[in-house]
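Biologist: I am new to this structure. Could you show it to me and take a few questions?

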Amino acid sequence: VAAADKCGTSDVFCDVYMEGNPKRIKTTKVIDNTLMPVWDHRLSFPRPEAAADGSVNAIIELYDKDWFGREFLGYASVDLSEVPA
């Protein structure tokens, strides 16, 4: 993770969405003062309908928490179509 704070680390958390749906499924807890956050968290939710190409993607957006908001750090798209239901 990129260092977003002046001290050389970030206070990292994630928002999780399903592709094509703007409603957030989950916000993780904040991991303070790190560049290598580990949540070790299991997330359960109803499997959405697959897209026309058969994909079912979870979007994980990574942020740095600041006193007055948050700073976008990046995102990942995870294909869930081959994960057992």
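Biologist: How far is the sulfur of C14 from the closest cysteine sulfur, and in which residue is that sulfur?
Modeller: This is a predicted model. The closest cysteine sulfur to that of C14 belongs to C7, too far away for a bond. The distance to the sulfur in C7 is 18 Å.

Biologist: How many disulfides does the count come to?
Modeller: A disulfide is a covalent bond between the sulfur atoms of two cysteines. Here a pair of sulfur atoms has to lie within 2.5 Å to be counted. The sulfur of C7 has its closest cysteine sulfur, in C14, at 18 Å, so that is too far for a bond. The count is zero.

Biologist: Is C14 buried or exposed?
Modeller: Buried means under 20% relative accessible area. C14 has 6%, whereas C7 is exposed at 57%. C14 is therefore buried.

Biologist: Which residues make the nonpolar surface patch of about 290 Å²?
Modeller: One of them, M36, is found in the loop between β3 (31-34) and β4 (57-66). M36 is exposed, with a relative accessible area of 70%. The patch is made by V1, L35 and M36.

Biologist: Where is N33, which has a positive phi although it is not a glycine?
Modeller: Most residues other than glycine have a negative phi. For N33, phi is about 50 degrees, and the residue is exposed, with a relative accessible area of 52%. Its place is in strand β3.

Biologist: What is the phi of D40?
Modeller: D40 is found in the loop between β3 and β4 and is exposed, with a relative accessible area of 78%. D40 is not a glycine, yet its phi is positive, at about 45 degrees.

Terms used. Residues are numbered from 1 along each chain as its sequence is written. This is a predicted model: local features need pLDDT of at least 70, side-chain atom pairs count only at pLDDT 80 or more; totals for chains, interfaces and linings use all residues. Side-chain values use heavy atoms; hydrogens and water are left out. Patches are made of residues with over 30% relative accessible area and no salt bridge: like charges are joined within 9 Å, nonpolar side chains (Val, Leu, Ile, Met, Phe, Trp, Tyr) within 5 Å. Accessible areas come from the Shrake-Rupley method with a 1.4 Å probe; for residues, only the protein chains shown count as cover. A salt bridge is a side-chain nitrogen of Lys or Arg within 4 Å of a carboxyl oxygen of Asp or Glu. Helices (H or I, at least four residues) and strands (E, at least two) are DSSP runs, numbered from the N terminus. Buried means under 20% relative accessible area, exposed over 50%, partly exposed in between (1.4 Å probe, protein chains only).
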